[in-house]
Every structure is written in C-alpha cells, then in structure tokens.
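Please keep the sequence and the model in view while reading.

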Amino acid sequence: MKRTSLAALITLATAHGVSAEGATPPSATVTPFLVSKSVELLTGDTWRDRGKLYRLYGVQSCLRGTIALDANGKKFDCGNVSLAHLAALFSTAAVTCQPIALALDKATFVVCGAKLDGNTIDVGTALIAAGYAFAATDANGNAVNGNYLVAEVNAKMKADGLWAIKFQHPIGLLLKRPKEQDR
C-alpha cells in the first residue's frame, strides 16, 4: 500500500459501529479476538480460524474465478488478487476483530482493526481504499456501510488497485444471480 494511501486510511479508518438488522450476535459474550497467523483464507473477505468461519462486514472482495485484464491483456483471477491483499494485511499486522452478527451461512460477520505503524486502521477501509475490495450492498444495491462506499469511490477515481485494470465488479455479478435463478 502506498504511504499516501496509508495516511488517508488512518484519517478515515476509525471503526464505526454497525448493525445488522434482525441478526443476533454469535454468542452472549461477543468479545474481540486476535486473528491467528494460521488462518485459512477462503476469499478476500472470508476466512476460517480455529474452526470458525468469519466474514468482514460490509466488504465484498472480487469473486474468485472471475477474470481481470491488465493494460497488456494479461489475465488474472480477480478473486485471488483480493485474497492476496487480505493475506498481506493479515501477515504484516496484528488484526483484532469484533463479532457483530451471523450470516445466513453461519459465518460470523466481524469488523476488524489492524495495527500498522503504531496506528489502528479499519481492515475493510484499508482493503477498499487500496482498490482490492468493494463496499458490500444489500439486495437492492445499497451500500451497507456508507464509509466503505466513500472509500470505494475514492479508489475508483484514483484508479487504485483493481480500478487500474479491467474486471467484473462483484456487486453487479452478485445482484444478477438471484434474478437469473428466478427464470
């Protein structure tokens, strides 16, 4: 991540309270936890740690198996690029997460902070502002976290990360899936 991006992230990255309507916390005692260094990364927003499945709340990574093209026409797996940036963050920083709700697939939604250069930054903001993840939306296409949408728009305007290449935005792909299943 660029130094200028890190400075901007520190300014933006105060973790904000979030709510998931109708969702209940994963247990009666939802205490923050340190992410272990032996996590199994599944996507750029989801991982398994000590037998439990976790997903960043309000964050959508690029979908694994979708193709991205650089300026020279070289193909990349877009989801693997998102995953690599989450892996880099997890391997270089102490990451602490707060469980906030359960997803339909029983993953625990979390908001996480990473200690970098003596500062704590919001992991979702860091990934999105660097251009390697996106603001997740509800079924109507509305961002579930307004701060993440701002970070995404800024990354897109600066052509940071994936925004510098051609790729299929995961939100468009995900919003099409339920409609296609109706047919």
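Is aspartate 49 buried or exposed? Aspartate 49 is buried, as its relative accessible area is 2%; here buried means under 20% relative accessible area, exposed over 50%, and partly exposed in between, with a 1.4 Å probe and protein chains only. The model is predicted, so local features need pLDDT of at least 70 and side-chain atom pairs count only at pLDDT 80 or more, while totals for chains, interfaces and linings use all residues. Residues are numbered from 1 along each chain as its sequence is written, and side-chain values use heavy atoms, with hydrogens and water left out.

Aspartate 49 belongs to strand β3, residues 46–49; helices (H or I, at least four residues) and strands (E, at least two) are DSSP runs, numbered from the N terminus. Its side chain makes a polar contact of 2.5 Å with the side chain of serine 36. A polar contact is a pair of N or O atoms within 3.5 Å; within protein, one must be able to donate a hydrogen and the other to accept it, and residues adjacent in sequence count only if both atoms are side-chain atoms. Beyond its neighbours within four places in sequence, aspartate 49 is in contact (heavy atoms within 4.5 Å) with Leu34, Val35, Ser36, Val39 and Tyr54.

Rolling a probe the size of a water molecule over the atoms shows where empty space is left.

Phe90 leads on to the aromatic rings, as ring pairs link Phe33, Trp47, Tyr54 and Phe90 into a cluster. Rings of Phe, Tyr and Trp (its six-membered ring) pair if their centres lie within 6.5 Å; planes under 30 degrees apart count as stacked, over 60 as edge-to-face and the rest as tilted. The whole structure holds 7 aromatic pairs. In one of them, the ring centres of tyrosine 57 and phenylalanine 109 are 5.6 Å apart and the planes stand at 90°, so the pair is edge-to-face. This pair links distant parts of the chain, 52 residues apart: tyrosine 57 is in the loop between β4 (52–56) and β5, and phenylalanine 109 is in strand β9 (residues 108–116). Both tyrosine 57 and phenylalanine 109 are buried.

Phenylalanine 134 and tryptophan 163 form an edge-to-face pair, with 5.7 Å centre to centre and 85° between the planes. Phenylalanine 134 also touches glutamine 60, whose contacts outside its sequence neighbours within four places include Asp45, Phe134 and Leu174. Glutamine 60 lies in strand β5, residues 59–61, and is buried at a relative accessible area of 15%.

Arginine 50 has a positive phi of about 55° and sits in the loop between β3 and β4, exposed at 61% relative accessible area. Alanine 159 has a positive phi of about 55° and lies in the loop between α4 and α5, where its 37% relative accessibility makes it partly exposed.
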